[in-house]
Amino acid sequence: MGRAEYRRAQRAASKKKNATEPPALISEQMISRALWEKQLTEKIDRELGNRYYRQASKESCDNMYYIMMCSMALALHDCNPNWGSEPIGKRLQLTMEYVDRFAKEWNGDIQGYIKKVEEETGLIITVDSVPAGEGEGGYD
C-alpha cells in the first residue's frame, strides 16, 4: 500500500469514526457550570451598568449645577456691574444652601417647593428647555 492509499484509508476511517460516534452527553455538571457562568456574567454586567449609570448621573447633575451657577454669576454681574467677586460669591453660596435645603427639607417635592418660592417672591417660575434644532441654546 502506497503512501497516498494509506492517507486515503486514514481519512475514510476518520470519517466513519466521526459519523458513528454518538454526540457528547450533557452532564448535570455542565448545565450547572453554564448556569453559574450566565448568572455571574449578568451580575457583573448589572454592577458595571449601575456604576456607569451612577457616574453618568453624577456628571450630568454636576454639569447642571455648573451651568446654573455660572449663569447666575453672569446675571448678577450684568445686573450689578459694581459688585465684585465677593458679593456675587456670597449670593451663589446662599443659592447652593437653598439647593441643599431643598434636598433635606422638601424630600423631592419640586411642585411644593416651586409653589412656596412663587408665594414668597411673587415670581412665576417656569422652565422650558429647547430641544436641539429648535432655536438657540438647545441641547445637542
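Visitor: What should I know about the model and the numbering?

Guide: The model is predicted, so local features need pLDDT of at least 70 and side-chain atom pairs count only at pLDDT 80 or more, while totals for chains, interfaces and linings use all residues. Residues are numbered from 1 along each chain as its sequence is written, and side-chain values use heavy atoms, with hydrogens and water left out.

Visitor: Where does Asn 107 lie, and is Asn 107 buried or exposed?

Guide: Asn 107 sits in the loop between α3 and α4. Its relative accessibility is 71%, so Asn 107 counts as exposed. The classes are buried (under 20% relative accessible area), exposed (over 50%) and partly exposed in between, with a 1.4 Å probe and protein chains only.

Visitor: On to the helix. What span should α3 have?

Guide: Helix α3 covers residues 85-105, and at 1.5 Å a residue its 21 residues should span 30 Å. The expected span is 1.5 Å times one less than the number of residues. The end C-alpha atoms of α3 are 30 Å apart, which agrees.

Visitor: Which residues of α3 are buried?

Guide: Ile 88, Leu 92, Thr 95, Val 99 and Phe 102 are buried in α3. They cover an arc of only 65 degrees around the axis, which puts them on the same side of α3. The arc is taken from the directions from the helix axis to the C-beta atoms. An α-helix has 3.6 residues a turn, so residues three or four places apart point the same way.

Visitor: What do those buried residues pack against?

Guide: The buried residues of α3 pack against α2 (28-79) and α4 (110-121). Thr 95, with a relative accessible area of 17%, touches Met 68, Met 69 and Met 72, not counting residues up to four places away in sequence. Contact means heavy atoms within 4.5 Å.

Visitor: And which exposed residues are on the other face of α3?

Guide: The face turned away from the buried side carries Glu 86, Lys 90, Lys 104 and Glu 105. The side chains of Glu 86 and Lys 90 form a salt bridge at 3.8 Å, N to O. A salt bridge requires a side-chain nitrogen of Lys or Arg within 4 Å of a carboxyl oxygen of Asp or Glu.

Visitor: How many salt bridges are there by this rule?

Guide: The count comes to six. Among them is the pair Arg 101 and Glu 105 (3.3 Å, N to O); these two are four residues apart in α3, and are therefore separated by about one helical turn. Arg 101 is partly exposed, at 39% relative accessibility.

Visitor: New topic: which residues lie nearest the centre of the largest pocket?

Guide: Met 68, Val 99, Tyr 113, Ile 125 and Val 127 lie nearest its centre, out of 31 lining residues. The elements giving two or more residues to this lining are α2, α3 and α4.

Key. 1 Å grid on protein atoms, 1.4 Å probe; cavity = no way out; pocket = protein on both sides within 12 Å on 5 of 7 lines; lining within 4 Å.
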